[in-house]
Amino acid sequence: MVHIQELEKYAKENNIPIMETDGIEFLLTYIKENNIKNILEIGAAIGYSAIRMCLVDSDIKVTTIERDEKRYKEAIKNIKLFNLEDRINIIFDDAFNVELNDSYDLIFIDAAKSQYIKFFEKFKLNLKDNGVILSDNLNFHGLTHTEKEIKSRNVRGIVRKLNNYIEFLKENKEFDTTFYEIGDGISISKRSK
């Protein structure tokens, strides 16, 4: 029997970003308390969060998208180890190439930080009326709140785009968003009543 801790260890050793412990616990509690059954995840990585979400309840199904071939193959392997092939549908492609007809209770955005606005706009069409879009990494290791100069041009670009996304969520009239200082920063967006 494989254990979640083994996936966490693999992610740490291979520099694969997975949700922080309190962030994933928040997500799993939210899924349980809100009776969420059908989830779309943008950014599978090694399948860690998809597996964790499925383990909340035997009725939960997850569709997850991963564009990195090495991570995709690792995710397939991990999903099989947990015997979840019938409940986790993993798609190997760039999320922008994926067209889905299903509707989801929860859309979880945890992929390329610079594309969050585009992911939100594209996949909100697959959200059930009372569904939510949950975004992770909004603090980006505390860098979206800092005034300090960030030396890396690449990191500066990511932080600027995440700050743009935060503003996009705050100003979005179609959705009401709540921000949580949990894990690496989480937001939950629900359609405005």
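**Aromatic contacts and salt bridges**

User: How far from the centre of the ring of Phe123 is the charged end of Lys122 that sits over it?

Analyst: In this predicted model, local features need pLDDT of at least 70 and side-chain atom pairs count only at pLDDT 80 or more, while totals for chains, interfaces and linings use all residues. Residues are numbered from 1 along each chain as its sequence is written, and side-chain values rest on heavy atoms, with hydrogens and water left out. A charge sits over a ring if NZ of Lys or CZ of Arg is within 6 Å of the ring centre and within 35 degrees of the ring normal. For Lys122 over Phe123, the distance to the ring centre is 5.4 Å.

User: Over the ring of which residue does the charged end of Lys170 sit?

Analyst: Lys170 counts as exposed at 54% relative accessibility (exposed is over 50%, buried under 20%, partly exposed in between, with a 1.4 Å probe and protein chains only). At 5.9 Å from the ring centre, its charged end sits over Phe179.

User: How many residues apart in sequence are the parts that the pair of Phe96 and Phe119 ties together?

Analyst: The model has 8 aromatic pairs (rings of Phe, Tyr and Trp, its six-membered ring, with centres within 6.5 Å; planes under 30 degrees apart are stacked, over 60 edge-to-face and the rest tilted). Phe96 and Phe119 form a stacked pair, with 4.9 Å between centres and 15 degrees between planes. Phe96 belongs to the loop between strand E3 (88-92) and strand E4 (104-109), and Phe119 to helix H5 (residues 116-123), so the parts tied together are separated in sequence by 23 residues.

User: Which geometry do the rings of Phe120 and Phe175 adopt, stacked or edge-to-face?

Analyst: Phe120 and Phe175 are both buried, and they belong to an aromatic cluster that also holds Tyr116, Tyr165 and Phe168. Their ring centres are 5.0 Å apart and their planes stand at 75 degrees, so the pair is edge-to-face.

User: How many residues apart are Asp57 and Lys37?

Analyst: The side chains of Asp57 and Lys37 meet in a salt bridge with an N to O distance of 3.3 Å. Asp57 lies in the loop between H3 and E2 and Lys37 in the loop between helix H2 (21-33) and E1, so that this pair links distant parts of the chain, with a separation of 20 residues.

User: How many residues separate Glu167 and Lys170 in helix H6?

Analyst: Glu167 is partly exposed, with a relative accessible area of 36%. The side chains of Glu167 and Lys170 meet in a salt bridge of 3.9 Å, N to O. Both lie in helix H6 (residues 153-171), where a spacing of about one helical turn corresponds here to 3 residues.

Conventions. Helix = DSSP H or I, 4+ residues; strand = E, 2+ residues; numbered from the N terminus. Salt bridge = Lys/Arg side-chain N within 4 Å of Asp/Glu carboxyl O.
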